[in-house]
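Open the model in your viewer and keep the selection tool at hand. The stops below are meant to be taken in order.

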Amino acid sequence: MALERWLIAALLWSLVGFGLVLCRRRSPLYLPTLALLGTGLVGAFYPLATTLIDPLSWRNISHLSDELLARTQIEYIAFALGLLAALWIALQSRWLEPAQAVRAESNVAARDFVIASTLVGVGLSLYAVYVQRVGLSALSDREDYALKYLMGQGLGPLQFGLWMAIAGCLWAEGSALSRNLKNLFAPFALAIALWSIAVISVRTNFAILLLGYLAIHARRNGWRLGRVRPSLIALALVSYFALETFAMFRGAYKGDVGEALWMLQGRGMDTIAAAIGGSELSHPFITAAEILHDREAGELAGRSLVDGVLAFVPRGLYPDRPLMLSEQFVRSNYLELASRGGGAAFSLVAEGWLNFGSLLGPFVFGCAMGLLLTWVEFRWDLAPHGLVARIAPYFAFYVAVEHRNEFATLAKQVCILSACVVPIWIAGRAAAAVLTGRTLLRVAPATRN
């Protein structure tokens, strides 16, 4: 059965490779490219690594047979085929070719400065209140990571402030501002990254900033996937393994750095086994395999998509709103973790399987995701100073890790950020128009004289 898993993985990566060839003229961080790479990594890492080393994990993996792992791999192949179908449609629609950009507004720099400044200022103010409410001790607790989520229940709008600030930093970097003005926002991005890693132990914020800045830089400098240097691939691998190492260190850290290092070194092969079982690449695959083991294909018949929209409604307005699939899953499979406010990674492949059946479900989800991402990139080409272009870099990370989410969580991220950004976008455009108009009025009399 180990050979079967390797053969299925080879087929999966052949499809991924074909998709990368189609995207070779685009940026290495082209969103469909990130989706393809994420599908290949998640769909192959756990089933291949476990043919070499028995994993250690807090997850329920004892019942994941060789046959079940192979079946789960095939569902990832269906998702990859959906992405390729979307790329074929985009190719026929000429979305894969860079579009001719429309002319930017005359006051775009002023607009960008107002919006980026507002996002960072308002966002950090809201988040400061969140920190005061939750408490620094809970946020920095390294033994009970679920505590911070439990203490933060009901404070979501305040917590969104940090995401607003991150969006503001990325907005400034991708804007029409001068380099000197962009550099004003860099210290805020650095501070958020350091706070997230060193204090609250949340890698997500750092990764959003990292991939967002890289996506902007890659586009600005005309990087192409077909011309990627080996050094860039090495940097990406080192960055990923650094994040994985940090996750392991975080799990061993109990207040004394020397003790944590001694624990990691002393466990030998157990450390490698724990790295495989606890990797971010493993969790979505394990979730998908558990669902294939416990549930019936197609049993939801699309219901999670409806419930996913209802999940946006605040509990205060709709106390009995449906639970998201990830919430249902953790309550059914990891009740003790759920009672502490914790969660487990979910799976887009599993959600497609639950809604529309084996093979068809993941294919439909993959195709829909691919079409959405190619459209976003097309809009980014067409209007490089538009709203879509400004917020797209923020979601590069979520595309890369799409397989640990579900429709509801991904859509919720888009809606929350849009709800925060769009009003500021509208107000910023109006403010920039007023400021620019006043400047022109002051200059006009001098011009007539």
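**Ground rules**

This is a predicted model, in which local features need pLDDT of at least 70 and side-chain atom pairs count only at pLDDT 80 or more, while totals for chains, interfaces and linings use all residues. Residues are numbered from 1 along each chain as its sequence is written, and side-chain values use heavy atoms, with hydrogens and water left out.

**Whole chain**

Colour by secondary structure: the protein has 22 helices and zero strands. Both are DSSP runs numbered from the N terminus, helices being H or I with at least four residues and strands E with at least two. Of the 449 residues, 46% are buried. Buried means under 20% relative accessible area, exposed means over 50%, and partly exposed lies in between (1.4 Å probe, protein chains only). Among contacts (heavy atoms within 4.5 Å) with a separation of 6 or more, 81% join residues 24 or more positions apart.

**Helix H14**

Select residues 283-294, which form helix H14. Its 12 residues should span 16 Å at 1.5 Å a residue, and the end C-alpha atoms are 16 Å apart, which agrees; the expected span is 1.5 Å times one less than the number of residues. H14 is largely enclosed by the rest of the structure, because 10 of its 12 residues are buried. Among them are His283, Thr287 and Glu290.

**H2 against H14**

Axes are lines fitted to C-alpha atoms, for helices over the stretch in contact, and angles run from 0 to 180 degrees between N-to-C directions. Angles under 35 degrees count as roughly parallel, over 145 as roughly antiparallel, 65 to 115 as roughly perpendicular and the rest as oblique. Show side chains for Val42, Gly43, Tyr46 and Pro47 in H2, which meet Pro284, Phe285 and Ile286 in H14. By class, this contact has six nonpolar, one polar and no charged residues. Ala, Val, Leu, Ile, Met, Phe, Trp, Tyr, Cys and Pro count as nonpolar, Asp, Glu, Lys and Arg as charged, and the others, Gly among them, as polar.

**H18 and its two partners**

Which residues of H18 does H14 meet? Ala288, Ile291 and Leu292 in H14 meet Ala350, Trp353 and Leu354 in H18. The contact of H14 with H18 has six nonpolar, no polar and no charged residues. The two axes come within 8 Å and cross at roughly 25 degrees, which makes H14 roughly parallel to H18.

Now select H3 (residues 66-92) with H18 (residues 348-356): their axes come within 10 Å and cross at roughly 90 degrees. H3 is therefore roughly perpendicular to H18. Glu75, Tyr76 and Phe79 in H3 meet Leu348, Val349 and Trp353 in H18.

**The core**

Select Tyr46, Leu64, Trp171 and Tyr394, which touch the most other members of the 107-residue largest nonpolar core. Such a core is a set of buried Ala, Val, Leu, Ile, Met, Phe, Trp, Tyr and Cys residues joined through side-chain atoms within 4.5 Å.

**Two loop residues**

Finish at Arg94, in the loop between H3 and H4, where phi is near 65 degrees. Leu359 lies in the loop between H18 and H19, with phi near 70 degrees.
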